[in-house]
Amino acid sequence: MKPPVFEYHRPGSLNDALALLGGHPGVKPLAGGQSLIPAMNFRLAAPDALVDLNALPELSGIEETADGGLRIGAMTRHCAVELSTAVAARAPLLAEAMPFIAHRQIRNRGTIGGSLAHADPAAELPAVMVALEARLVLASMRGGRVVPAAEFFTGLFATALTKGELITAIEIPPAPLRTGTAFLELARRHGDYALVGVTAVVRLGAEARVAGSRIVLFSVGEGPVRATHAEQSLAGTAGDATALRAAAEAVQRDIDPSSDIHASSDYRRHLASVLTRRALTTAMARAADSVR
Amino acid sequence: MIVEGTHFFPGPREVVWTLLLDPDVLAKTMPGTASIVRVSDDRYEGTMAMGIGPITAAVFDVVITMTDRAEPEHYTMQIEGRGKFGFTRGKAAVTLAPDGAGTSMGYQADLVVGGKIAAVGQRLLDSVSKLMLRQGLDAMTRELEHRLAGGAA
């Protein structure tokens with residue numbers, strides 16, 4: 001299979017890249033090419049031109065910021081994030097999610113920014129970024145802006161990116177004290193699209209009660225889905241088995257999963273509650289451990 | 001694939017009926033519709049382009065045939081779509097019932113999608129159809145409100 005004819009540009013500076021992206025109407029940025037190139041080879045996507053971002057080293061790298069957070073360049077490969085000790089220390093939720101992204105070959109090539117811009121409803125990273133309250137740094141010829149992850153994902157394969165705009169970096173704020181996180185997903189085979197996935201961040205307050213939480217599911221809707229009913233149900237409780245079961249039950253009011261040949265909507269609903277309870281159990285235990 | 005649900009239109013049933021069968025309104029409101037023509041009382045022909053995420057190039061020739069049409073209560077559509085990337089066929093039943101000052105629409109479609117589009121995008125078909133239908137019905141509702149407010153077609 002071969003793609004239809006397209007123009008190929010490989011700019012050597014971000015400015016040149018932005019100028020090219022702003023100029024053509026049918027132009028697409030090429031990051032790791034792990035979704036775009038197969039779509040082109042199937043001839044399901046037919047961009048007039050590609051702007052290859054692989055000659056822009058300034059878009060790659062993982063930086064530990066002074067506030068205790070992270071700044072990850074958009075062109076950083078999944079494998080670099082997966083193996084980073086800085087990520088493991090400062091954003092363990094992200095580190096825990098990385099091995100679930102496709103297969104190693106794909107993680108060697110695919111990029112964190114590419115995955116976020118693609119916004120597949122079954123993708124791990126959008127949910128992780130919403131759970132971690134990450135910010136996406138965007139640039140275009142018109143200037144730069146920073147968009148919270150929760151506002152970046154706007155629907156099925158839809159994001160806040162406008163024509164000619166690129167993600168240049170992802171900023172992850174430092175985790176508050178007494179926080180525990182957990183990531184869980186279920187797929188029939190490792191590397192398949194998740195049937196359901198759950199990310200959980202739990203923060204403990206006074207007397208070891210749950211001060212706040214962020215529970216974000218994926219593969220149950222059009223994008224990452226924040227389980228606000230479950231979060232409300234958990235708030236202020238001791239996070240014991242009864243409270244976690246109630247939160248897992250409340251997830252049902254937050255999701256509207258689709259059916260496909262891999263799993264029915266009802267089965268996804270069932271999995272969502274089971275995985276939420278398990279993820280919250282782990283996140284609670286980790287939060288409690290961090291207090292000791 | 002079964003797509004079913006209800007939708008509330010804030011207008012009288014006769015007006016909603018007219019809108020739903022008007023090819024110009026369908027072309028304007030249904031996402032991806034490049035053209036649609038009423039070739040006879042019960043037959044529409046058109047072209048639709050599906051664009052979602054990485055898929056930007058899926059164009060279908062669509063033929064819709066109306067059966068058991070009972071104005072203004074219900075109709076059934078036989079749908080046949082064919083394109084380079086696959087095909088779809090099936091039927092959709094639509095019912096309209098008065099609901100206060102408005103109209104409650106019920107729909108149930110049973111569609112088969114095959115070919116490359118189904119092989120590659122199977123896991124997304126359900127979400128994409130729901131999304132396109134919602135966008136279409138929302139646009140149709142806006143069109144209805146516009147007309148009731150005295151706007152021209």
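## Cavities in chain B

The second largest cavity of this predicted model has a volume of about 70 Å³. A cavity here is a set of points, on a 1 Å grid over the protein atoms alone, where a 1.4 Å probe fits but cannot get out. Grid points are joined across faces, edges and corners, and a volume is the space filled by probe spheres set on the points. Residues count as lining when they have an atom within 4 Å of a point. The second largest cavity is lined by Met50(B), Ile52(B), Ile55(B), Ile117(B), Gly121(B), Leu124(B), Leu125(B) and Val128(B). By class, this lining has 7 nonpolar residues, 1 polar and no charged. Ala, Val, Leu, Ile, Met, Phe, Trp, Tyr, Cys and Pro count as nonpolar, Asp, Glu, Lys and Arg as charged, and the others, Gly among them, as polar. Both β3 and α3 of chain B supply at least two residues of the lining, and α3(B) gives the most, with 5 residues. Helices (H or I, at least four residues) and strands (E, at least two) are DSSP runs, numbered from the N terminus.

Two or more lining residues come from each of β2 (33-40), β3 (43-52), β4 (55-70), β5 (74-83), β6 (86-99), β7 (102-114) and α3 of chain B. Of these, α3(B) gives the most to the largest cavity, with 7 residues. The lining of the largest cavity divides into 32 nonpolar, 7 polar and no charged residues.

## A pocket with residues of chain A

The second largest pocket has a volume of about 530 Å³. A pocket is an open set of points with protein on both sides within 12 Å along at least five of seven lines. Its lining has 28 residues, and Ala175(A), Pro176(A), Thr179(A), Thr181(A) and Val201(A) lie nearest its centre. In chain A, α4 (85-90), α5 (92-97), β11 (179-186), β12 (196-204), β13 (210-218) and α12 (265-291) each supply at least two lining residues. The lining of this pocket has 12 nonpolar, 7 polar and 9 charged residues.

## Where the chains meet

Contact, meaning heavy atoms within 4.5 Å, links 21 residues of chain A with 18 residues of chain B. The size of an interface is often given as the accessible area lost when the parts come together. Buried area is that loss (1.4 Å probe), summed over both parts. Chain A and chain B bury about 1800 Å² between them, with 61% of it on carbon and sulfur atoms. On the side of chain A, Leu44(A), Leu156(A) and Phe157(A) lose the most area to chain B, together 36% of what that side buries.

A salt bridge is a side-chain nitrogen of Lys or Arg within 4 Å of a carboxyl oxygen of Asp or Glu. The structure holds 22 salt bridges over all chains, and 3 salt bridges are found across the interface of chain A and chain B. The residues of chain A that touch chain B divide into 12 nonpolar, 4 polar and 5 charged. In one salt bridge, Lys130(B) pairs with Asp256(A), the closest N and O atoms being 4.0 Å apart. Another joins the side chains of Arg134(B) and Glu222(A) (3.2 Å, N to O). This pair runs from helix α3 (residues 116-148) of chain B to the loop between β13 and β14 (225-226) of chain A.

## Backbone details

Most residues other than glycine have a negative phi, and most peptide bonds are trans. Ser219(A) is not a glycine, yet has a positive phi of about 65 degrees. Ser219(A) is in the loop between β13 and β14 of chain A. In chain B, the peptide bond from Glu71(B) to Pro72(B) is cis, with omega near -5 degrees. Pro72(B) is in the loop between β4 and β5 of chain B.

## Basis of the values

Residues are numbered from 1 along each chain as its sequence is written, chains are lettered from A and ligands numbered from 1 in the order in which they are written. As the model is predicted, local features need pLDDT of at least 70 and side-chain atom pairs count only at pLDDT 80 or more, while totals for chains, interfaces and linings use all residues, and side-chain values use heavy atoms, with hydrogens and water left out.

Terms used:
Buried area = accessible area lost by both parts, 1.4 Å probe.
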